[in-house]
Amino acid sequence: MRPLWELLRTQLAARGLPLPVLTPVAVALTLGGCGLGAGRTSGSAQLLVTRDFGAVVVRQLDRPAAKGEETVMSLLIRNDPSVTTRFGGGFVQSIDGISGGQQAGQPVDWFYYVNGIQATKGAASTKVHAGDRIWWDHHDWSQTEQIPAVVGSYPEPFLHGTEGKRLPVRVECAEAGAGACRTVAERLGSLGVPAGISGLGTSGEPGALHVLVGRWSGIRRQQGARLIDEGTRAGGVYARFSPDGSRLTLLDARGRPGRELAGGAGLIAATRHGEDAPVWVVTGTDAGGVELAARALEGSVLHNRFAIVLVQGGVLPVPVGGG
């Protein structure tokens with residue numbers, strides 16, 4: 001079990017609270033206002049506010065008002081007068097009247113993502129860079145306080161990376177010559193993102209953003225994929241494969257199993273270990289499912305979704321009922 005102080009730090013950071021040394025005195029000293037800084041502008045940043053894992057859009061601004069050097073918190077407050085805060089402006093209490101707390105007996109709160117990556121520090125401490133996609137979502141966190149990466153900000157983080165730095169991209173394929181592998185590389189190439197193709201586990205470039213492509217049975221032991229296999233609390237993905245990878249079960253926000261899929265089911269999801277770059281998985285129960293997932297790697301399909309499952313003729317958001 002993780003120490004209570006570590007869980008609290010994670011939860012506070014994801015909700016926009018600066019990470020203090022967790023003593024009463026330190027908390028009191030560090031929970032200052034978010035402030036609006038002077039300096040360069042935030043350029044073409046985008047701001048999205050949703051609830052229920054992206055299912056309902058509360059506010060979407062492709063070109064939010066920005067002045068000087070913005071933080072994630074200051075950008076939100078500048079563009080949404082409904083925002084209320086706690087602890088001296090460091091913690092989002094509500095947006096558009098939607099508050100953290102309890103909903104149907106489950107804990108709910110606001111979490112934020114920059115280019116599809118969950119916060120590792122408070123929103124008042126996170127600078128906004130040109131091209132960033134800022135996403136606030138209000139959701140049930142009864143199953144996990146961490147959803148370290150999501151796919152709904154695509155083509156981020158492939159275009160602008162993290163903290164203003166573009167990341168090298170590596171596509172690692174269980175079968176390098178497979179059509180799905182080429183499709184993923186082509187999709188990224190169409191964005192102007194050069195992506196080297198290699199076999200699983202052969203790309204050792206530090207700091208690279210990895211995309212694992214192949215049947216789940218072939219990629220599940222790779223770093224990143226292993227987190228998904230360990231469950232929602234580890235990987236933040238509300239779907240699970242059977243031990244042999246031939247079946248895929250969708251989970252709801254409370255971790256309850258829903259629809260179970262066999263042949264031809266695909267999955268696109270992302271996760272992250274610690275401070276490493278995210279790992280995306282384009283996978284499936286079989287070759288047909290992997291192909292479906294590879295062809296779905298585009299913004300119109302992934303938009304506002306935490307992860308998606310693909311079946312013939314349809315896209316299923318996960319968790320069930322979200323996105």
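## Largest pocket

The lining of the largest pocket divides into 11 nonpolar, 16 polar and nine charged residues. Here Ala, Val, Leu, Ile, Met, Phe, Trp, Tyr, Cys and Pro count as nonpolar, Asp, Glu, Lys and Arg as charged, and the others, Gly among them, as polar. This is a predicted model: local features need pLDDT of at least 70, side-chain atom pairs count only at pLDDT 80 or more, and totals for chains, interfaces and linings use all residues. Residues are numbered from 1 along each chain as its sequence is written, and side-chain values use heavy atoms, with hydrogens and water left out.

The volume of the largest pocket is about 690 Å³. Its lining has 36 residues, of which Arg272, Glu275, Asp276, Ala277 and Pro278 lie nearest the centre. Strands E7 (106-114), E8 (117-118) and E12 each supply at least two lining residues. A pocket is an open set of points on a 1 Å grid over the protein atoms alone, with protein on both sides within 12 Å along at least five of seven lines; a cavity is a set where a 1.4 Å probe fits but cannot get out; lining residues have an atom within 4 Å of a point. Grid points are joined across faces, edges and corners, and a volume is the space filled by probe spheres set on the points.

## Cavity and Val318

One cavity of 30 Å³ or more turns up in a search of the whole structure. The largest cavity holds about 50 Å³ of space. Ile147, Ala149, Gly236, Val237, Tyr238, Ala270, Phe306, Ala307, Val318 and Pro319 line it. Nine of these residues are nonpolar, one is polar and none is charged.

Val318 sits in strand E19. Val318 is buried, at 3% relative accessible area; buried means under 20%, exposed over 50%, partly exposed in between (1.4 Å probe, protein chains only). Leaving aside neighbours within four places in sequence, Val318 contacts Tyr238, Leu250, Phe306, Ala307, Ile308 and Val309 (contact: heavy atoms within 4.5 Å).

## Strands and hairpin

The chain has nine helices and 19 strands. Helices (H or I, at least four residues) and strands (E, at least two) are DSSP runs, numbered from the N terminus. Strands E18 (307-311) and E19 (314-318) run antiparallel, joined by five bridges; two strands pair if DSSP finds at least two bridges between them. Val311 has Gly314 in E19 as its bridge partner. The E18-E19 hairpin has two residues between the strands, and its Gly313 takes a positive phi near 85°.

An open sheet of three strands has the order E3-E4-E5, with antiparallel pairing. E3 (84-86) and E5 (98-99) stand at the edges with a single partner strand each, so one side of each lacks a neighbour in the sheet. Two bridges join E4 (91-95) to E5. Ser94 stands opposite Ser99 in E5.

## Helix H4

Helix H4 covers residues 179-190. Its 12 residues should span 16 Å at 1.5 Å a residue, and its end C-alpha atoms are 16 Å apart, which agrees. The expected span is 1.5 Å times one less than the number of residues.

The buried residues of H4 are Ala180, Cys181, Thr183, Val184, Ala185 and Leu188. They pack against strands E10 (169-173), E11 (195-199), E12 (209-215) and E17 (279-284), and against helix H8 (287-295). Just after H4, Gly192 takes a positive phi of about 85°.

## Whole chain

Of the chain's 323 residues, 52% count as buried. Among contacts between residues at least 6 apart in sequence, 65% join residues at least 24 apart.
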